Amino acid sequence: MKLFDVYPLFDVNIVKGKGCKVWDDKEQEYLDLYGGHAVISIGHSHPHYIKKVEEQLQQIGFYSNSVINKLQEELAERIGRISGYEDYQLFLINSGAEANENALKLASFKNPSAMRILSCEHAFHGRTSLAVEVTNNPKIVSPLNDNHHVRFLPLNDIEPWIRELSRGGVAAVILECIQGVGGIQMATPDFAQKLAYACKRYGATLICDEIQCGYGRSGKFFAHQWLGIKPDIITVAKGIANGFPMGAVLISPEFQPVYGQLGTTFGGNHLACAAALAVLDVFENERLVENARVVGDYLIEGIKNIDSTHIKEVRGRGLMIGIELDIPHKDVRLPLIYEKHCFTGCAGTNTLRLLPPLCLTKAEADEFIERLTAVLSDK
């Protein structure tokens, strides 16, 4: 049997990681400014994380959600405290797409007569059922998923959103406050606040997709906290467990749970909770949210100071950064990997996307700037 060939792969076999560095099977070291697609929040192979996961595995790795799991209760309390959402409720699943599926499902349960959803142009919310339907990429929306529930509207242009909401029948508005796949485009406070107000006025559930931009990456725990809004539902995944598959939905107290309404086999299992609790330990002990803000500001400023005509714009907050180029990103990304041994992400055709572990240091930021400058000077 062969693998189902849906991923274009770099010819690199990564076998080891430590902090913000990874190594291939030839012992070549790489600087990781990609973080496994924003998943590695506390750094590769953090010793505290390894210790806690190993300890839990020695006890029990999994049992079903038909019994009490005190680790889930502890995780809910700690996420509430660190994020400022102590009055919200937590539902645990396995991935970001599942988080968005369940968020949209809850919105529909709350307003069963509303059959429309509003999403952003260039949005990405996942690849399953409703999550892919609210993703603005026709290439990955199958005919079975294309059920015409969704209208895509421009980010930061409030008038079309108000028009659609005022028509009625909108169950949910889903928003990335910093678009990831969309190229690190950021919602403005004015737009976000007017949208939140309109959702309340017209009875639509506001969902903030914080799967990539949240969990400390922006320099606040959630990216929407830069904008002065409080969504009804928040979805998270990626960095929540530093690579162990996990996702979560933070749910307003306005939503009343009903037995059987949502469910999952693997979500919130003992091992996943141990991993997620270890992440929060490191966040608090090493002040990684603050580090993301400080080092992110330093890195953004350093990139802006690179003397290259190929850099058109630098966007982002914290350690979620987009570098828009006047040349295809592959012309820079490939030599960064194969010649300068540095991983980055990308968006569209011209944007490099930086999503490093939140423990990135200023010295490592300088290393990246030096390598990027060298690649751009050859173009």
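How much accessible surface does the protein chain have, and what percentage of it belongs to carbon and sulfur atoms? In this predicted model, the accessible surface comes to about 17600 Å², with 52% belonging to carbon and sulfur atoms.

Let's start with the overall picture. The protein chain contains eleven helices and 15 strands. Its C-alpha atoms fill a box of roughly 60 × 55 × 45 Å along the principal axes. The radius of gyration is 21 Å, which agrees with the value near 21 Å that a compact globule of 379 residues would have. Buried residues make up 54% of those 379 residues. Among contacts with a separation of 6 or more, 73% join residues 24 or more positions apart.

Now for a spot on the outside. Phe4, Val6, Tyr7 and Leu9 make a nonpolar surface patch of about 580 Å². One of these residues, Phe4, is found in the segment before strand E1 (14-18). Phe4 counts as exposed because its relative accessibility is 74%, and the cut-off for exposed is over 50%.

The cysteines come next. A disulfide is a covalent bond between the sulfur atoms of two cysteines. A search of the whole structure finds zero of them. Two cysteines show the distances involved:

| Cysteine | Closest cysteine sulfur | Distance |
|---|---|---|
| Cys213 | Cys177 | 5.8 Å |
| Cys346 | Cys342 | 14 Å |

A disulfide needs the two sulfur atoms within 2.5 Å, so the 5.8 Å between the sulfurs of Cys213 and Cys177 is too far for a bond. Cys213 also counts as buried, because its relative accessibility is 1%.

Technical notes. Residues are numbered from 1 along each chain as its sequence is written. This is a predicted model: local features need pLDDT of at least 70, side-chain atom pairs count only at pLDDT 80 or more; totals for chains, interfaces and linings use all residues. Side-chain values use heavy atoms; hydrogens and water are left out. Patches are made of residues with over 30% relative accessible area and no salt bridge: like charges are joined within 9 Å, nonpolar side chains (Val, Leu, Ile, Met, Phe, Trp, Tyr) within 5 Å. Accessible areas come from the Shrake-Rupley method with a 1.4 Å probe; for residues, only the protein chains shown count as cover. A salt bridge is a side-chain nitrogen of Lys or Arg within 4 Å of a carboxyl oxygen of Asp or Glu. Helices (H or I, at least four residues) and strands (E, at least two) are DSSP runs, numbered from the N terminus. Buried means under 20% relative accessible area, exposed over 50%, partly exposed in between (1.4 Å probe, protein chains only). The radius of gyration is taken over C-alpha atoms; the globule rule is 2.2 Å times the number of residues to the power 0.38. Contact means heavy atoms within 4.5 Å.
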